[in-house]
Amino acid sequence: MNQSGETIAQLQGASKRYGDVLALDQVDLDVRRGEVQALLGPNGAGKTTAISLLLGLLRPDAGSAMLFGQSPGSLTARSRLGAMLQTSGVPDTLTVGELVTLFRSYYAQPRTVADCVALAGVGDLLRIRYGRLSGGQQRRVQFALAICGRPQILFLDEPTTGLDLDARETMWKTIRQLVAESCAVVLTTHYLEEAEALADHVSVLARGRIVAAGSVQQVRARVAQRRIRCVSRLSEEAIGTWPEVRSVVRDGERIEIVTDLAETVVRQLLFEDSELSELEVRRAGLAEAFVEITREAA
Amino acid sequence: MDASIAMNDNGSAPNPTLAYALESKYEFLRVLRTPAFAFPTLLFPPMFYLLFGVLLNRGNANAAHYLFATYSVFGVMAPSLFGFGVGVAIERERGWLSLKRVAPMPPGAYLLAKMAMAALFALIIYIVLAIMAATLGGVSLALGQWLLLGAVATCGVLPFCALGLMIGSRANASGAPALVNLIYLPMAFLSGLWMPLNLLPDFIARVAPLWPAYHLAQLALATIGRGDGSAPLPHVAALLGFTAICFAIARRWLARAT
C-alpha cells in the first residue's frame, strides 16, 4: 500500500482571472499520495480558487489542472475524491442520517453509515435535522459526507472553522488516519497550528501567487527572524540603534527584540549589561513566518 | 500514468437507480418539510377552486367543467415553478449545487429528482381537486377522462420546471420567490385559468398563446371534451418548444454559475 510520492493532483502555471482581479497567478502545486498539502494565506489570496480548479468547478484561464492524471470534473475522478467546501448549503430539512445515506448512494463501495459518522464524530446526531445542528456539528456532518466514498484525495476548505477543541482533535485524528491509509489531503486553513499539526507540505499564497512553499520547517526557516526576550537595564532606544535589530518593544520589565541575527545581538546584550537576566530566544512559529512572508509579497 | 489505477480502484460502478430513487425521495421530503413552500403549493389550488369553481358557481355545468380543468393546470404550476425557481436559486447560491457537482452524483439526478418531486406534488393536487370536483363541484367525467386529465396534469410540470430552472439558474435566493410570484399569478390569469378568455379583453386572448399555461389548459380542456376545437398537436409542440428554449438558456447560465 506504500505508494507515497505519486502525484494525485497538480496545478501547473495555473492562472484564473475574475474580471480585473487576477485571483491566481501562475500557481504550481503538487499533491502526493499519503501527504497533506496545506494552503495558507489571508482571505482573497486564492486558496479557494486553487481548490475549485482542482475540483473542476472552475477552469484555469492559463496553465493546467490535473486530477488522477486527467483534467478534473469527470465522473471517475469525482468518485475518487471527497470535498468539504467553505460554504456547502446543505438543506436544513434533511436529517444527518438521510444526508449520509444520500451521499453513500453515489459511490460503488462506500463506507458504512456507522463508519462515516464514527469517523466524523456525529454518531449521536443521525436523527437530527441538519438545520437544528450547531455550526461545529454541521461542519462535522460535511466532513462525514466528504469521507463516505473512501476518497483517495480529500479537499478540505477551512474544515475546522467553528469547531471546539475536542471536535478539532477528533477531525485531526481522522485526517491522520486517512493519510496513513495513503489518502492525499489538500487543506486550506487560517489556523496555523492546524497546518503545523497536519501538513507535510505548506504553500503560502498571497494575492494569487505562491510566495513560499516547502515543509513546515522550510517555510518557517524562510523567515530567519528570531525573538529575544530579556530583563535588562538597557534602554530600548539604545538597542534600537543597533544595525541587526529590526524592532524593540518594552513589555513591562521585559524587552522584546526581533532580529535576523540573534547570536550577534545576544553577544552585544551580554557585553553591555552583565546583569541581564531571563534571557529567551525563540524562532518564529508558522504564524510569524506567514505574516512576514505575506507582508513581503504585498 | 493513472489509467491502470483508475480501472482497478473502482471495479464496480455504483447502482444509479438507487441514487436516483434516494435523490427523488429526499427532494420530496425536503420540500414537504418546508412549510413556506408546501402549504401554499398544496392548499391554494384547492382553496381557489372551492371558492371560485364550487361556491360561486352553483349549477353551471359548463363553468364547473371548465374551471376543474383549468385549476388542475393552475395546481401544476406552483410545485414546478417554486420547486425549481426558488429551490435551484437557493441551492446554487448556498453551495449545495457545487457540492453535488463535486460529488459523483449520477448525471441528471439533480434535475430528475426535482421533476419527480414536482410531478408527485402536481398529482396529489390533482387528486384533491378531482375529489372536490366529483363530490362538490358537479363535475361528471368518464373514468378514462379522469385518468387522462391526471396524466396531462402530471406531465404538464415539464415546461414549468424548465421555466423555473431558468429563473433559478440566474435569480438570487432572496429575489427568486418574488420573481416566481410575479410570473405565476399573472400567467394563470392571462392564460384563462381563472375565467375563460372570451370573458376577458380581446388583446389578452390574442397574446395568450405566448404562455405555456394557455397551451396546457387547452390540452386539459380537450381531454374532457371542453376544448375550443383546436388540434392538440400544435399545443404539445408549443409546450415542448418552450421547454427546450428554457432548458437551453438555463444550461448556459448554470455552466457559468459556480
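Along the sequence, chain B follows the pattern α-α-α-α-α-α-α-α-α-α-α-α, with twelve helices and zero strands; helices (H or I, at least four residues) and strands (E, at least two) are DSSP runs numbered from the N terminus. The model is a predicted one, in which local features need pLDDT of at least 70 and side-chain atom pairs count only at pLDDT 80 or more, whereas totals for chains, interfaces and linings use all residues. Residues are numbered from 1 along each chain as its sequence is written, and chains are lettered from A and ligands numbered from 1 in the order in which they are written.

The radius of gyration of chain B is 20 Å, close to the 18 Å that the globule rule gives for 258 residues, so chain B is as compact as a globular protein of that length. The radius is taken over C-alpha atoms, and the globule rule is 2.2 Å times the number of residues to the power 0.38. The C-alpha trace of chain B spans about 75 × 35 × 35 Å along its principal axes. Of its 258 residues, 43% count as buried; a residue is buried if 20 or more other C-beta atoms, placed from the backbone, lie within 10 Å of its own, exposed if 12 or fewer do, and partly exposed in between. Among contacts in chain B between residues at least 6 apart in sequence, 80% join residues at least 24 apart, a contact being a pair of residues whose C-beta atoms, placed from the backbone, lie within 7 Å.

Chain A is divided into domain 1 (7–221) and domain 2 (223–297), with bounds that come from an automatic or database domain assignment. The C-alpha centres of the two domains lie 38 Å apart. In domain 1 of chain A, 15 residues are in contact with eleven residues of domain 2. On the domain 1 side, helix 7 (192–198), strand 8, strand 9 and helix 8 (216–222) of chain A are the elements that give two or more residues. The residues of that side divide into ten nonpolar, one polar and four charged. In this division Ala, Val, Leu, Ile, Met, Phe, Trp, Tyr, Cys and Pro count as nonpolar, Asp, Glu, Lys and Arg as charged, and the others, Gly among them, as polar.

Between the chains, 28 residues of chain A are in contact with 29 residues of chain B. Helix 1 (47–55), helix 2 (75–78) and helix 3 (96–104) of chain A each supply at least two residues of the side that touches chain B, and helix 3 gives the most, with four residues. The residues of this side of chain A divide into 15 nonpolar, ten polar and three charged.

In soluble globular proteins, nonpolar side chains tend to be buried together. Leaving aside its neighbours within four places in sequence, Ala144(A) is in contact with Val100(A), Cys116(A), Val117(A), Ala120(A) and Val122(A).

Six of the six residues of strand 7 (residues 184–189) of chain A are buried, so this strand is largely enclosed by the rest of the structure. Both of its faces are covered, with Ala184(A), Val186(A) and Thr188(A) buried on one side and Val185(A), Leu187(A) and Thr189(A) on the other. Strand 7 of chain A pairs in the parallel sense with strand 3 (residues 36–40) over five bridges, where pairing requires that DSSP find at least two bridges between two strands. Strand 6 of chain A also runs parallel to strand 7, joined by five bridges. Val185(A) in strand 7 stands opposite Val36(A) and opposite Leu154(A).

Most residues other than glycine have a negative phi. Arg150(A), although not a glycine, has a positive phi of about 50°; its place is in the loop between helix 5 (135–147) and strand 6 (153–157) of chain A. Arg150(A) has 19 other C-beta atoms within 10 Å and is therefore partly exposed. Arg207(A), in the loop between strand 8 (201–206) and strand 9 (209–214) of chain A, has a positive phi of about 50° although it is not a glycine. Arg207(A) counts as partly exposed, with 18 C-beta neighbours inside 10 Å.

Definitions and conventions: Contact = placed C-beta atoms within 7 Å.
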